[in-house]
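Please look over the sequence and the model below.

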Amino acid sequence: MSLIQAFILGLLQGATEYIPVSSSAHLVLFPWLVGWAEPPFTFDVLVQWGTLVGVIVYFWHDLWAVLRAVLQGLLQRRPFASFEARLGWYLIVATLPAVVFGFWLKQAFEITYGQPPVAAALLLGTALMLVLAEYRGKQQRRLEHMSWWDALDVGLWQVAALLPGISRSGATISGAMLRDLERRAAARFSFLLSIPALLGAGLVATADLLQSESLSSELPPLGVGFTMAAVSGYLCIRWLLRYLQGHRLTIFAAYCALLGIFCLLIAWLRGG
C-alpha cells in the first residue's frame, strides 16, 4: 500500500466512522471501485485507532467525569449513585454483546468483510435503520434518562455493525432513538460507546500485526492512515453533533441507499 493510498483511506475512515454511513463499507468499496488492491484487514482495524484518538480528545472531560464517578462509586459502595457513574456502567453493558458475538463469530465476519457486493447490500440495511429511527423514535428522552435495558438494547444493535456495510454509529444511534432518546443524546452515547469497541478491535488487530512477517514495511502507511483518521474523526464528531441539533438522519439514509444501489449495479456489470 502506498502512502497516498494510506492517506486517502485514513481520511475516509475518519470521515465515515462517526457519520452514519459505514466506514467499513467505504474501506471495502472505495478500493474496489478505483481498482486498488484490497487493504489488509489489520490496516482497516488499526486506522480505527486514529478515530479512537479523535473521540477521546473530543470527549476528554466527559470521560474523566465518568471514570472518576465510577471509581468514587465503587469506593463509597454506591456504584450507581450519580448519572456519570451509571453512564460508565451503561457503556460496559452495551459493549458486552459485541464482545461475545465478535469473539464467537470472528471468522464469519472476516469472510464477509472482503466481499464488496455484500458491503453494498448491507448499506441498504443501514439506510433502513436510519429511516426507522427517524420515523419510529419519539425522541422524548435525554441521555440522563437512560436505563439498563436501553444500554443492552443499543449494545445488541451494535452487534449488527460487525458486518461491513452496517454502520456502527448508524446502528447504535438508531437503536438509541428507537428507545425514544433524543437524536443528539443518541449520538453522544454512540460516540462514547465507540471507545471500548474500537479499543478492543484494535487490540485484536495489533496482535495479528505483530505476527506479520512484513511488519516494518506496514508501519509507514499505518502511521499515515492513523494520523488522517484521528484528525478527520475529531472534526466529523464536532460537525455531526452540531448538525443533529436541527436536522434529521434521512440524508445519510439516502446516501447509503444510493451508494449501495450504485455499487450493486457496478458489481452486476462486472459480473460479480
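Tyr 90 belongs to helix α6, residues 83-104; helices here are DSSP runs of H or I with at least four residues, strands are runs of E with at least two, and both are numbered from the N terminus. This is a predicted model, in which local features need pLDDT of at least 70, side-chain atom pairs count only at pLDDT 80 or more, and totals for chains, interfaces and linings use all residues. Residues are numbered from 1 along each chain as its sequence is written, and side-chain values use heavy atoms, with hydrogens and water left out.

Tyr 90 counts as buried, at 3% relative accessibility. Buried means under 20% relative accessible area, exposed means over 50%, and partly exposed lies in between (1.4 Å probe, protein chains only). Tyr 90 and Met 146 are 56 residues apart in sequence, and their C-alpha atoms are 8.5 Å apart in space.

**Nonpolar surface patch**

Trp 60, Trp 64, Leu 67, Leu 71 and Leu 74 make a nonpolar surface patch of about 540 Å². Patches are made of residues with over 30% relative accessible area and no salt bridge; like charges are joined within 9 Å, and nonpolar side chains (Val, Leu, Ile, Met, Phe, Trp, Tyr) within 5 Å. A salt bridge is a side-chain nitrogen of Lys or Arg within 4 Å of a carboxyl oxygen of Asp or Glu. Accessible areas come from the Shrake-Rupley method with a 1.4 Å probe, and for residues only the protein chains shown count as cover.

One of the patch residues, Leu 67, is found in helix α5, residues 60-75. Leu 67 is partly exposed, with a relative accessible area of 44%.

**Aromatic rings**

The whole structure contains 11 aromatic pairs. In Trp 239 and Tyr 243 the ring centres are 4.9 Å apart and the planes are at 25°, so this pair is stacked. Rings of Phe, Tyr and Trp (its six-membered ring) pair if their centres lie within 6.5 Å; planes under 30 degrees apart count as stacked, over 60 as edge-to-face and the rest as tilted. Trp 239 and Tyr 243 are separated by about one helical turn because they are 4 residues apart in helix α12, residues 215-243. Trp 239 is partly exposed at 41% relative accessible area, whereas Tyr 243 is buried at 16%.

One aromatic cluster is formed by Tyr 18, Tyr 58, Phe 59, Phe 191 and Tyr 234. Arg 270 lies over the face of Trp 32, at 4.7 Å from the ring centre. A charge sits over a ring if NZ of Lys or CZ of Arg is within 6 Å of the ring centre and within 35 degrees of the ring normal.

**Cysteines**

There are 0 disulfides in the structure, a disulfide being a pair of cysteine sulfur atoms within 2.5 Å. For Cys 236, the closest cysteine sulfur is that of Cys 256, 14 Å away and so too far for a bond. For Cys 256, the closest cysteine sulfur is in Cys 263, and the distance of 11 Å is also too far for a bond. Cys 236 is buried, with a relative accessible area of 12%, and Cys 256 is buried at 0%.

**Positive phi in loops**

Arg 77 is not a glycine, yet has a positive phi of about 60°. Arg 77 is placed in the loop between α5 and α6 and is exposed, with a relative accessible area of 77%.

Gln 139, not a glycine either, has a positive phi of about 55°. Gln 139 lies in the loop between α8 (116-136) and α9 (148-160) and is partly exposed at 23% relative accessible area.
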